[in-house]
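Visitor: I would like to learn how to read a helix in a model. Please show me one.

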Amino acid sequence: MKSKEKMRIIFAVIIIAVLIGIYIGYHIYLNQSIAYASSENTTSYVPRISKAEKVDLESIILNNQKNIEEQIITEEIDLEYITEYRNNKELPNGTIQVVQEGRIGRQQVTIRRTYDENNEMHEEQISSIITKAAVNKIVEIGTSNSKYTYKIAKGSNIYVTSDRADIMRENSIQSEKVTTISKNTEMKVLEVAGDWYRVSASGQTGWIKSENVTGINPNATYEDKNNNNIIGKCSFDMALNKPSGLSLEQFKKVLNDSKDVNNIFRDNAEYFYYIEKQYNINGLFVASIGIHESAWGTSKISKNKKNLFGYGAYDSSPYSSSYNFSTYAEGIDLIARVLVKYYLNPKGTPIYGGEVASGKYYSGNTVSAVNKRYATDKNWANKVYKYMEYLYKKVGNN
């Protein structure tokens, strides 16, 4: 057979083989079972990858959603009032008198909540609408060195001068006795009627004769002496919902520091003393938070907004979202009330102004317990406590 004929035969065989292959492949394709979405189909086609496990598409989608999830939340919350401090030259130095109690308002806030790639939550307030206005608290502070008695009025703090004094149900000596209180007991005047005062003391109310009381605090310290025995020791586990025990002069001395280059803490030392008297909180703890958060009052927020604590700031926009105060005293007073109400006391605990603690972020009354809900920085407690130790050492207790 000639070579040309052989080539023709080989070529024809190849053509026939190709046609047969196409024919067989076509029929296999027609007979293949492909899953389409229909009511008659109960199976689905599951793609697989060579040398890999089954791909969990649902899990991937959920994880991706979590990483980029954004929630818009609207809720109504308390609108805390601001405390105004006013000097009163007729009151003895170191005394305070509430002339108007603050009243909490309500506000509707809208928050954007997002999660990052580490599944950490971030919040940012994007709007706020006041639904009920708050009423400012007004406190008069004494600037006189005199210890003479001043006029007692509604809202004043008064103190028992006799060894024992009776609280009566009515403003009459013949009235039924409610209780007997001891010398130097502090009371709040609720009403004045002639030479009788209706008072609140130790959870009870009644009337007391004016001759048994004074408006001068016998427990107040006007000189920096004989106070070390009432000042608590500084420790990492100390309860912070108790006053430090420092006098007004000691606060002024401790917060007069060369690191305070703008003299912010020196000039506002008295307000850390006043928050102890009003809210039962450790003033040196609050001062230490302010020192840490504001770098001794040198931060931009501190200098421009009189906000030592970065209060109201969100991580995404700390400067623009932080509160702006008219005075440093307003911020000191507000942060003290927020800590007492939400962080330092369990829910239902009686606190200031007839209120009870919310306990919303309560984990305990120590600096490490506050850290759990107050700051995202896990080392915040150690940083704040470092300043507490520093201030306590200046008092001479460590």
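Guide: Start with contact, which means heavy atoms within 4.5 Å. Helices are DSSP runs of H or I, at least four residues, and strands are runs of E, at least two, numbered from the N terminus. This is a predicted model: local features need pLDDT of at least 70, side-chain atom pairs count only at pLDDT 80 or more, and totals for chains, interfaces and linings use all residues. Residues are numbered from 1 along each chain as its sequence is written, and side-chain values use heavy atoms, without hydrogens or water.

Visitor: What covers the buried residues of α11?

Guide: The cover includes α3 (248–254), α6 (283–294) and α10 (367–374). Buried means under 20% relative accessible area, exposed over 50%, partly exposed in between (1.4 Å probe, protein chains only).

Visitor: Which residues of α11 are buried?

Guide: They are W380, A381, V384, Y385, M388, L391, Y392 and V395. Seen down the axis of α11, these fall within an arc of 120 degrees, so they line one face of the helix. The arc is taken from the directions from the helix axis to the C-beta atoms. The face turned away from that buried side carries exposed K386 and K393.

Visitor: Is R337 buried or exposed?

Guide: R337 is buried, at 0% relative accessible area. It lies in helix α9 (residues 328–343). Leaving out residues up to four places away in sequence, R337 touches E80, Y81, I82, T83, Y279 and Y352.

Visitor: How many helices and strands does the protein chain have?

Guide: The chain has 11 helices and 13 strands. Of its 398 residues, 38% count as buried.
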